[in-house]
Amino acid sequence: MGKSNWKKPPKEWKAKTRAAHVGYDPFLSMGAVRPPIFAVSTFSTEDAEKLEHMFRRSYGFETPLSPDEEWPIYTRVSNPNFIMLCDRIQCLEQGAEDPTAVYFPSGLSAIFTTVLTLCKPGDTLIFGYPVYGGTDHLLRHHVPERLGINVVPVDATDLNQVEDALKKHADTVKMLFIETPANPSLAMVDIQKVADLIHQNSDGLLVVDNTFMSPILQHPFMHSADIVVYSGTKSIGGHSDLIAGFVIDRDKRRAFRVQSVRVSTGPTPSAFDAWLLFRSMDTLEERVLKAQKNAKKIARFLKEHNKIERVIYPDFYDKKSSEWEIFQKQCEGPGSMITFDPKGGKKEAYTILNSLHIFGLAVSLGGVESLAESPWFHTHMDVSDEDKRKSRFNPQTVRLSVGIEDADDLCNDLDQALAKI
Ligand SMILES: Cc1ncc(COP(=O)(O)O)c(C=O)c1O
């Protein structure tokens, strides 16, 4: 007995069905409709040969012959809740034959482990700014200073800069890292064009942080990305109650190498968090689309407000700009992040932040509840003022992550806060 579609869904299944059904067969757990939590550190194996095979696999020597051969041996390596979760998340990616997910205890640990897997001292890593402030700090400081990797920041919206950097470091480039839309400027990078540039000019790989759009609104593999990373803390988790990350690789063997670096360096997520994430996936599309619907309304409200100087939201990009063209080609919607500048400066931004009742004054994004923060003084405080201005944000910039509350209540909350400046 058993459900036939729980590992590999039929091609015609849409995201909503995949996200709610793939990864779990109730008949492996006495019919329990939801999976149990495997709060277990170590697992029995039916014979020594299989245990040897799984050890070889955990050190990256060989991949299982079939997905059914997947068998946990020790939770730092894997756990049934991790396996279910990875089966579920990887089946949402489009544009790759057999995408393989690796689960991490945070988005930053997913990014760092990808760097450790792809680059060694003396190699070059190019990254397109702006990226999330924590990623920026990791790449500008720890990666070059502690690992001796040559890190070259470029403005990835400027293809000439990307090409120049790739040509200059052609022999040593192993990785180009981009985030699109970028945090907090929502700048769009053309994934296909930068993928072509790195593939033509080096043997390096394109890694795309797809956190802002989630697997519902953007599919980097369809535009020739090699590896996609997520902070699972955001839309995938969606309830601001856990920290998580994912690396999804179009190449199964390379994914196992990433996993083996994670296993050897030690970061281990918890089975309970994997179970929560698995549950969150059921509602991922509903949450992402509802938050986006709210964000569209709020962005229009802000754009028409007389105390607002500028609103950055993809719907408002100049229809003749390359940004609009990329947005149309690459994204299935504008998402739920809005960046705006009130009239005035830091004082006005802080008055708004301190006056909001429904929007929480907190960093992070992609949760069911709406949040607001100052990228200049909070999330991106370590980025130089010059780079912040180049990435089109100012001391008065406010970043909103829109949740799934009532859109009119959210507009009213912003309205009363704006009335205080
Ligand atoms: C776009 C993006 N990538 C990565 C991260 C890091 O993720 P985590 O906080 O799960 O380590 C964040 C965190 O805010 C983010 O916004």
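A: What follows starts at the ligand and then moves to the helices, the loops and the domain contact. The model is predicted.

The ligand is surrounded by 16 residues, and the closest are Ser106, Gly107, Tyr132, Ser231 and Thr233. Two elements, H4 and H5, each give two or more residues to this shell. By class, the shell around the ligand holds 10 polar, 4 nonpolar and 2 charged residues.

Take H4 next. Helix H4 covers residues 107-118 and packs against helix H9, residues 252-265, at an angle of about 110 degrees. The axes of H4 and H9 are 9 Å apart. Angles from 65 to 115 degrees count as roughly perpendicular, so H4 is roughly perpendicular to H9. On the H4 side, the residues that meet H9 are Thr113, Thr114, Leu116 and Thr117. Their partners in H9 are Arg257, Val258, Val261, Arg262 and Thr265. This contact of H4 with H9 has 4 polar, 3 nonpolar and 2 charged residues.

Now take H5. Pro130 lies in the loop between strand S2 (124-129) and H5. A cis peptide bond, with omega about 0 degrees, joins Tyr129 and Pro130. Another cis peptide bond joins Thr180 and Pro181, with omega about -5 degrees. Pro181 sits in the loop between strand S4 (173-179) and helix H7 (191-201). Most peptide bonds are trans, and most residues other than glycine have a negative phi.

Two serines have a positive phi. For Ser214 in helix H8, phi is about 70 degrees. Ser214 counts as buried because 22 C-beta neighbours lie inside 10 Å. For Ser240, phi is near 50 degrees, and this residue is in the loop between strand S6 (227-231) and strand S7 (245-249). Ser240 has 19 C-beta neighbours inside 10 Å, so Ser240 counts as partly exposed.

The domain assignment gives domain 1 (15-282) and domain 2 (285-418), and their centres, taken over C-alpha atoms, are 27 Å apart. In this contact, 30 residues of domain 1 touch 33 residues of domain 2. Helix H1 (15-21), helix H5 (133-147) and helix H8 (214-217) each give two or more residues to the side of domain 1 that touches domain 2. That side has 14 nonpolar, 11 polar and 5 charged residues.

Definitions and conventions: Residues are numbered from 1 along each chain as its sequence is written. This is a predicted model: local features need pLDDT of at least 70, side-chain atom pairs count only at pLDDT 80 or more; totals for chains, interfaces and linings use all residues. Domain bounds come from an automatic or database domain assignment. Two residues are in contact if their C-beta atoms, placed from the backbone, lie within 7 Å. Helices (H or I, at least four residues) and strands (E, at least two) are DSSP runs, numbered from the N terminus. Ala, Val, Leu, Ile, Met, Phe, Trp, Tyr, Cys and Pro count as nonpolar, Asp, Glu, Lys and Arg as charged, and the others, Gly among them, as polar. Axes are lines fitted to C-alpha atoms, for helices over the stretch in contact, and angles run from 0 to 180 degrees between N-to-C directions. Angles under 35 degrees count as roughly parallel, over 145 as roughly antiparallel, 65 to 115 as roughly perpendicular and the rest as oblique. A residue is near a molecule or strand if its C-beta atom, placed from the backbone, lies within 6 Å of it. A residue is buried if 20 or more other C-beta atoms lie within 10 Å of its own, exposed if 12 or fewer, and partly exposed in between; C-beta atoms are placed from the backbone.
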